[in-house]
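Morning, everyone. Let me put the structure up, and then we'll talk about charged side chains.

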Amino acid sequence: MTGILGGNPKDEPMHYGEIFTLWETSMAAKGALSGYRAHMYHAGDSDLKKILAAMIDQAELEISECDSLLAEQGIAAAPALPNRPEARLEDIPVGARFTDPEIAAMVAASLAVGMVACSQAMGQSIREDIGALFAKYHLTKAAIGVKNLHLLKKKGWLIPPPLLVKRPETVHA
């Protein structure tokens, strides 16, 4: 005997937290997509552009999958933002331009926040398919994050926190 929460997870009702998390994820991905596209116009480094392209693909996937799940429940998704007009890096004034190290740092912060949000969504989900969806998003963000970290280190863009290089000697009193 399994009741309403047994069998195929896609046949189970969503709870309000799952619905809100899907809506919020879609809304955040739509905002992030707009930002990543703008960063693409500002970026000059080809490796950074590949990471931004992966971020754009991931945001588009999250929007598509979350909006589909919401539509299945009869819930309207957050509206999409209008597409930005294209810009060339050379046309952006130097003082208004984001630099590649700034963009890479913003990507790192976005990925870190996204992984925390995915972990929270996994923890609150009672539908296995929704928990697995956010586990997939978490794994993808972690993989992109590793590539971004390698880029930050390779290019000399990483600003580390204070490092403990030499351990203080133990004082015996």
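First, the ground rules. This is a predicted model, where local features need pLDDT of at least 70, side-chain atom pairs count only at pLDDT 80 or more, and totals for chains, interfaces and linings use all residues. Residues are numbered from 1 along each chain as its sequence is written, and side-chain values use heavy atoms, leaving out hydrogens and water.

Side chains of opposite charge can pair when their charged atoms come close. Here, a salt bridge is a side-chain nitrogen of Lys or Arg within 4 Å of a carboxyl oxygen of Asp or Glu. How many salt bridges does a search of the whole structure find? It finds 10.

Take Glu 60 and Arg 37. Their salt bridge is 2.8 Å, N to O. Glu 60 lies in helix α2 (residues 46-72) and Arg 37 in helix α1 (residues 16-42), so the pair ties together parts 23 residues apart in sequence. Helices here are DSSP runs, H or I, of at least four residues, numbered from the N terminus.

Now Lys 154 and Asp 47. They meet at 3.1 Å, N to O. Lys 154 is in helix α4 (residues 128-155) and Asp 47 in helix α2, so this pair links parts 107 residues apart in sequence. Lys 154 is exposed, at 59% relative accessibility. Asp 47 is partly exposed, at 23%. Exposed means over 50% relative accessible area; partly exposed lies between that and the under 20% of buried (1.4 Å probe, protein chains only). Shared partners join Asp 47, Lys 50 and Lys 154 into one salt-bridge network.

Definitions and conventions. Helix = DSSP H or I, 4+ residues; strand = E, 2+ residues; numbered from the N terminus.
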